[in-house]
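Visitor: Please show me how to read this model, one feature at a time.

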Amino acid sequence: MQEALLYEKLNDQTVKCNLCAHHCKIKPGKSGICKVRKNTDGTLYTRVYGRTIARHIDPIEKKPLYHFYPGSSAFSIGTPGCNFHCSFCQNCEISQVVNEDILEMGHKASPEDIVKEAKQSGCKSIAYTYTEPTIFFEYALDTAKAAKEAGLKNVFVSNGFMTAEMLDVIGPYLDAINIDLKAFHHDSYKRLMGGRLQPVLNSLKKVVEMNIWLEVTTLVIPGVNASGSELHKIAHFIADELGVDVPWHISRFFPGYKMNDVPITPMGTLNKAVKAGQEAGLNYIYIGNVPFSSEQNTQCPGCETTLIERSGYSILSNRIDNGICPECGSRIAVID
Ligand code: SF4
Ligand code: SF4
């Protein structure tokens, strides 16, 4: 086991973890809420360093990141564990450590192994994803440092519940991040995810201040966050606090895990969210989890010409010329 970073030693061999906003106080022999950080005799260890439970080459569009090297591939890794317990988690088999055996599963791979594989496979970036990268912070940090040296980009796909201290440490190595803004009510975060809203809002603002490319995802769930007023609050927070050029991915919910009795998000609700985004002034709004939707394409905010045409995770055409719309000359918020 590798000693953890970002923790304090308290009295009686208790430790306080400062990696995420839970700030768990952990007694000897016990683990934090994520179950992957364990106190052994007054030292906090991470139990997932150097072991991946998921490892795939994905289109960057799958993260989703639509404005960050469109059409490129991301070498994507994840370890077991998460600091949230979302009732709608699509990766609950690996995110929820219900049985400690899961911590021993997967493949051993050093940060250098990951970087070597990513380079050999022609990927542009390494994505820390599938579960919550905050939880495998030490592993992600060492990999991100090695990746940077090798000329690769680093992207996080996160629930945003990390601390400012963590962002300060990883920030210099991070090129892009997609953060879920799962609701705009503290109660929903508490009841359905086991978290809190405010730390997520803080992380979103800090990422923008740190100049890390940001895209935001909201899974729209009937009965949870699909009311007009909640969608307006989310859209306005993105536009007013983060910027109108931050892409908003509105994702369709499908029943699963502990929410089998909730229906699929109706198209009308997704369109209502798009309208909320437009009214808030957002320039780039996408609908996800709906194959062949025209709301997957990137349009010029100046003249509404379709600039990037997508089908699923594939790019069919990209007309953006050095960050400029060829039709009207507007600058497009894209990193390429
Ligand atoms: S990462 Fe978060 S959940 Fe895990 S031990 Fe630290 S504070 Fe607790
Ligand atoms: S934050 Fe993501 S990985 Fe973690 S429980 Fe929620 S949906 Fe699953």
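**Around the ligands**

Guide: A residue is near a molecule if its C-beta atom, placed from the backbone, lies within 6 Å of it. Around ligand 1 are Cys17, Leu19, Cys20, His22, His23, Cys24, Gly32, Ile33, Cys34, Arg37, Asn83 and Ile135. This is a predicted model, in which local features need pLDDT of at least 70, side-chain atom pairs count only at pLDDT 80 or more, and totals for chains, interfaces and linings use all residues. Residues are numbered from 1 along each chain as its sequence is written, while chains are lettered from A and ligands numbered from 1 in the order in which they are written.

Visitor: How do the residues of the shell around ligand 1 divide?

Guide: Ala, Val, Leu, Ile, Met, Phe, Trp, Tyr, Cys and Pro count as nonpolar, Asp, Glu, Lys and Arg as charged, and the others, Gly among them, as polar. The shell of ligand 1 has seven nonpolar, four polar and one charged. For ligand 2, the shell has five nonpolar, five polar and one charged; among them are Cys82, His85 and Glu132.

Visitor: Which domains does the domain assignment of the protein chain give?

Guide: Bounds come from an automatic or database domain assignment. Here the assignment gives domain 1 (2–46) and domain 2 (51–318). Their contact takes 14 residues from domain 1 and 17 residues from domain 2, where contact puts C-beta atoms, placed from the backbone, within 7 Å. On the side of domain 1 that touches domain 2 there are nine nonpolar, four polar and one charged residues.

Key: Two residues are in contact if their C-beta atoms, placed from the backbone, lie within 7 Å.
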